[in-house]
Amino acid sequence: VLGEAAVTPDAAQLKRMQDIVEQAMRDGAVGFSTGLIYTPGIYSKTAEVIALAKAAAKYHGVYTSHMRNESDKVFEAIDEAINIGRQAHMPVEISHFKVGKPNWNRSAEMIAKVEQARADGLDVTVDQYPYTASSTTLGVLLPDWLLDGGRDSVLKRLADSTLHKKAVNEMISDMTRRDLQ
């Protein structure tokens with residue numbers, strides 16, 4: 001509905017997205033999933049995701065989240081996923097429950113958030129892969145503003161030397177902050 005643009009949907013666009021989710025649920029989908037670390041999911045506001053999750057919840061669906069952040073803001077990302085499930089009144093599955101180096105040795109705190117939500121009555125589960133490598137795209141390291149509009153827009157911005165330098169500097173700063181270099 002929105003393509004690769006960094007925009008907030010208007011009421012008609014949101015309704016269209018909800019209709020798509022509901023149709024998918026009627027067609028046999030088991031739930032609604034997001035990739036909030038990838039485009040275009042990075043542009044989604046929490047309220048938008050809640051609205052779409054509610055459309056799936058009408059059909060007893062599950063909300064599966066590839067969290068918005070797995071590094072320096074992982075606790076906020078866990079809270080967001082749990083909040084979406086709580087607001088939509090549906091079970092939550094958090095994919096790839098892992099953490100970047102800034103939060104190593106804090107897994108017990110992460111699990112405590114899930115256990116607290118479960119104690120509060122929300123059905124929350126997680127999955128985790130058993131290896132230290134990761135497989136994703138370069139896009140997760142690029143600044144969000146650079147990705148707006150899709151591949152052609154990215155290439156156009158990167159061709160501009162000022163924007164190219166700005167993107168590189170932001171990437172280096174982000175990787176240094178998250179200790180990914």
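I began with the salt bridges, counting a side-chain nitrogen of Lys or Arg within 4 Å of a carboxyl oxygen of Asp or Glu, and the structure holds nine of them. I kept in mind that this is a predicted model, in which local features need pLDDT of at least 70 and side-chain atom pairs count only at pLDDT 80 or more, while totals for chains, interfaces and linings use all residues. Residues are numbered from 1 along each chain as its sequence is written, and side-chain values use heavy atoms, with hydrogens and water left out.

I looked up Glu 22 and found a salt bridge with Arg 26, with 3.8 Å between the closest N and O atoms. Both lie in helix H1 (residues 11-26), four residues apart, which is about one turn of the helix; I take helices as DSSP runs of H or I with at least four residues, and strands as runs of E with at least two, numbered from the N terminus. Glu 22 counts as buried at 13% relative accessibility, whereas Arg 26 is partly exposed at 48%; buried means under 20% relative accessible area, exposed over 50%, and partly exposed in between, using a 1.4 Å probe and protein chains only. I also noted that Glu 22, Arg 26 and Lys 58 are linked in a network of salt bridges.

Next I checked Lys 113, which forms a salt bridge with Asp 79, the closest N and O atoms being 2.7 Å apart. This pair links distant parts of the chain, with Lys 113 in helix H4 and Asp 79 in helix H3 (residues 74-88), 34 residues apart.

I then turned to Arg 86 and Asp 120, whose side chains meet in a salt bridge at 3.9 Å, N to O. Arg 86 lies in helix H3 and Asp 120 in the loop between H4 and strand S4 (124-126), so the pair ties together parts that are 34 residues apart in sequence. Asp 120 counts as exposed, at 51% relative accessibility.

For helix H7 (residues 161-177), I asked which of its residues are buried. They are Ala 167, Met 171, Asp 174 and Met 175, and they pack against helix H5 (144-147) and helix H6 (151-159).

Last, I found Ser 95 in the loop between strand S3 (92-94) and helix H4 (107-119). Leaving aside neighbours within four places in sequence, Ser 95 is in contact (heavy atoms within 4.5 Å) with Thr 64, Ser 65, His 66, Glu 70 and Asp 127.
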